[in-house]
Amino acid sequence: MILESQDKSWKAPANKIYCDISASLPAAPFPAGKPASLWDNMRLRFIVCFFGVFVCYFYYGILQETITRGDYGHEKFRFARTLVFIQCIINCVFAKILIQFFESSKPDHTKSWLYGLCSLSYLGAMVSSNSALQYVNYPTQVLGKSCKPIPVMILGVTILRKKYPLAKYLCVLLIVSGVALFLYKPNKSSAVADDHIFGFGEILLLVSLTLDGLTGVAQDHMRARFQTGANHMMLNINMWSSLVLGLAVLWTGEVWEFLSFAERHPGILYNILLFGITSALGQTFIFMTVVYFGPLTCSIVTTTRKFFTILGSVILFGNVMTTMQWVGTILVFLGLGMDAKFGKAPKKTTH
C-alpha cells in the first residue's frame, strides 16, 4: 500500500510511545469558552486509529485469501490484474474525497510522467503480490511483504546515496535471517514440486519487494523535488494504474473471463467490493495515524497488525506453521520492531 510504504521514509523526530507524542502536539483549536470535544482527546484518537488500521487490514487479509484461494469447485481464481484494477478504482475515489475535504486549496506541481513511471512499479508490486497468493499461503506473503526495509535500504544506498546507522543494518540482518528460516522447506519424497526450496510464489514476492523499493525511491524523490502530498500521490498513481490495468484487462480479455467467472460464482463480487473498501479505509486510518502521531507510531501499529493478521490466517484457514517458521516469524517482527524504534537515520539525504 502507498501510504504504508511512505511512512517509513518520513523522518519525524518522534521516538516515544503515543503518550509522549500526543503530549508534544498542540491542542486542537476551538473558540474560547467552548469545551473541547471528545475527539480532542489524543488517547481516544490513538485508540480509534489503531483499531481502524487493525480491523480494516485484518479483514483485508482475510478477504484477500478468501478471494484468491477460495473454493470454486474445479476452478481457481486467476484474475489478479482485474482484482488490482478494482482496488485502484476504489482507492482513487477515496483519495479524491480526502483531497476535496482536506487539501482542496493545495496545488500539485508534480510532473504527470513521474506519476506514470511510479504507477508502473506500484502496479507491478501489487499484481506480483496478489499473484503470489496462488502459489504460497497468506502468512508467507505477509511475512515476505514485511521485508520492505531490505529493498528500500539497498536502493536508498545505491540510488539516493543515503547513509544508515549500524542499528539499521542489524535490523535488516534479523529480518533476512527470519525470512530464510520461514521460507526454508525440507526435502520431501512425496512430490517433486515440494523439493524446491524457492518456488515461483517466492520469486513473485521478490519481484514485488523490488518494485516496492523502486516505488519508495520514486515517491521520496517526488516529495523532495515537488513537495507532493500523500493524497495527491495516492490519487494520481492509482489513476495511472487504473488506466494501464484497464487497457491490459481489455487487451488480454481477462475482464470478460472474470465477468464469466463472477457469473458462475456471484458471491465473489461482494467479497471484492469489501476488499477494495477495507483497503481504502485502511489507508485512511494510516494517514490519520501519521498526521496525529507521526510515522514511528504508525509503523509500530502496522507491524503489530501484520503479526495478528498472520495469526488470524493460521487460525481461520488452517495454515500449519512449523517450529522453524514460528522462529522465523519472531525474528522478522523483532527486526521490524527494532527498526521502527532504533533504525531511523538522521535527516540528511542527497537527492
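**View 1. Gly-337 in helix H13 of the predicted model.** With a relative accessible area of 34%, Gly-337 is partly exposed. The model shown here and in the other views is predicted. Gly-337 belongs to helix H13, which covers residues 323–342.

**View 2. Glu-202 and Ala-132.** Glu-202 is part of helix H9, made of residues 200–226. Its relative accessibility is 3%, so Glu-202 counts as buried, the limit being under 20%. Ala-132 is 70 residues away from Glu-202 in sequence, while the C-alpha to C-alpha separation of the pair is 7.1 Å.

**View 3. The largest nonpolar core.** This core comprises 25 residues, and Ile-67, Phe-77 and Ile-268 have the most contacts inside it. Two or more residues each come from helix H3 (42–68), helix H11 (254–264) and helix H12 (267–317). Another core, of 14 residues, lies apart from it; Leu-114, Tyr-122, Val-127 and Met-233 are among its members. In soluble globular proteins, nonpolar side chains tend to be buried together.

**View 4. Surroundings of Ile-268.** Ile-268 is one of the residues with the most contacts inside the largest nonpolar core. When neighbours within four places in sequence are set aside, the contacts of Ile-268 are Ile-67, Tyr-72, Phe-77, Phe-261 and Ala-262. Of these, Ile-67 and Phe-77 are also listed with Ile-268 as having the most contacts inside the core.

View 5. Ile-89 sits in helix H4, which spans residues 80–102. Ile-89 counts as partly exposed because its relative accessibility is 37%, between the limits of 20% and 50%.

**View 6. Cysteines without disulfides.** The structure has zero disulfides. For Cys-92, the closest cysteine sulfur is that of Cys-88, at 6.8 Å, which is too far for a bond, since a disulfide needs the two sulfur atoms within 2.5 Å. Cys-92 is buried, at 12% relative accessible area. Cys-49 is buried too, with a relative accessible area of 1%.

Note on methods:
Residues numbered from 1 in each chain as written. Predicted model: local features only at pLDDT ≥ 70, side-chain atom pairs only at ≥ 80, totals over all residues. Heavy atoms only, no water. Helix = DSSP H or I, 4+ residues; strand = E, 2+ residues; numbered from the N terminus. Buried < 20%, exposed > 50% of the residue type's maximum accessible area, 1.4 Å probe, protein only. Core = buried A, V, L, I, M, F, W, Y, C linked by side-chain atoms within 4.5 Å. Contact = heavy atoms within 4.5 Å.
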